[in-house]
Amino acid sequence: MCRGAGLVHPLLPSGTPDFSRVVPCRCRAAGLLREKQGLLERYSNLGYLSHYTFETLRPGGRVGASQHYRSACEAARRFADSPKGWLVLVGPVGSGKTHVACAIANSRLSTGESAFYVGAADLLDHLRGAFNPGSEVSYDELFERVKNAPLLVVDDVRAEGATPWARLKLEQILNHRYNMKLPTVLTTDMAPDELGPGLNERFLDTEFCSVLVLAEQRGNGIDIPDLPEGLRQETFENFDYKRIELSLEEQQNLEMAYNLAVEFARQPEGWLVFAGMNGCGKTHLAAAIANHRLAQERPVLFLVVADLLDYLRSAFGPESRGSYSKFFEEVKQSPLLILDDFGEQSSTLWARSKLFQLINHRYNARLPMVVTTEQSLDQIEPRISSRFADPRFGTVFNILAPHYNVDGYGQSGDRRA
């Protein structure tokens, strides 16, 4: 009898209590299991990535890379069942490597095992911040937690732009885990031999380390996704245009936007421009169009405008692995281009020039395009807004719905921007 304490003395074979130890009472077993699972989830640092599981993986992966993707997923499942050694997931942005890595961690959590996830850049920021006397976690405590995590997942490991201090800290962590034979998952969009000799030597140990390529680079040598991994779950089926908190006018307006997107996805012609405040659902509808086309194995290129400009700037760099002209041409000629969050990023003269080149080319070539923006047409450069508003070719639809506060598996409303 536990008498409310939740603990009992187990029985010896003779049937008498074993007073040398106590165990949880059966009446507390379910509650203790929930508490343990909650602690594991908080420790894991996965947060909103908790929905990245093997069950939610896109079966075929990126268009044109399904065989790489399926092979990597199968190996990741085996690793999740029995984590041993290192697993390095290599692929361009949007290839699904973060999803696969988190699926491994979430699989371990579901069986009551520990896992710790962290982005490489965030890890280094946390370590720097831990030097601050006001930090809630000391540097030594954080460093030891990462070094000795039963399963560590480090996302987006890169060599570019890393300071000598950052490279040293990362190498210290990974060298410790290599020497202690602790299971580790790394993701990177760089070739393993580009990450520096300290890591490259570990990857050459094929008995301990498996390198999986999820997708090949595009022909232009610059890594760009068909669709960001975080938007692969945004479909027409899970878009709620009957939000109960909306007025009747807003519900009808959102349903009209939904119908426009569905019609466009079936037969992309002209341009569809969704305008509205952050979180109103315009990005969800744009992503749903992309997912509908990708499911039919039709080519789509989805780019956040800020990312597009970053890609273009990086392509000018002397260390760029790709051709600026080939990349820009691919974007200009994409059979269906989706530009998300068009607006403030075009503030510089260079940015305005590049975006006008792109918009003007697709306008003259009559190539289909979807654009989302928080700005009204009179806030956008006239030579661009005039093309958006041309009724012979485009439809501009202003979504009236306010910010979409998403409950559920940890998304925030800006996912539906």
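Helices here are DSSP runs of H or I with at least four residues, numbered from the N terminus. With that in hand, look at helix H5, which spans residues 139-147 and holds both Glu144 and Lys147. The two sit three residues apart, about one turn of the helix. Bear in mind that this is a predicted model.

Now step back for the overall picture. The chain has 13 helices and twelve strands, and 51% of its 417 residues count as buried. Take the contacts between residues at least 6 apart in sequence: 77% of them join residues at least 24 apart. The chain exposes about 20400 Å², with carbon and sulfur atoms supplying 52% of that area.

Back to the charges. Side chains of opposite charge can pair when their charged atoms come close. The structure holds five salt bridges, and one of them joins Glu144 and Lys147, at 3.3 Å from N to O. Because its relative accessibility is 14%, under the 20% cut-off, Lys147 counts as buried, whereas Glu144, at 38%, is partly exposed.

Helix H11, residues 324-333, carries Glu329 and Lys332, three residues apart, about one turn of the helix. Their side chains meet in a salt bridge at 3.6 Å, N to O. Here Glu329 is partly exposed at 35% relative accessibility, and Lys332 is buried at 15%.

Which residue forms a salt bridge with Asp390? The partner is Arg392, and the closest N and O atoms are 2.8 Å apart. Asp390 is buried, at 7% relative accessible area, while Arg392 counts as exposed at 68%.

Definitions and conventions. Residues numbered from 1 in each chain as written. Predicted model: local features only at pLDDT ≥ 70, side-chain atom pairs only at ≥ 80, totals over all residues. Heavy atoms only, no water. Buried < 20%, exposed > 50% of the residue type's maximum accessible area, 1.4 Å probe, protein only. Contact = heavy atoms within 4.5 Å. Areas by Shrake-Rupley, 256 points an atom, 1.4 Å probe, with all protein chains shown as cover. Salt bridge = Lys/Arg side-chain N within 4 Å of Asp/Glu carboxyl O.
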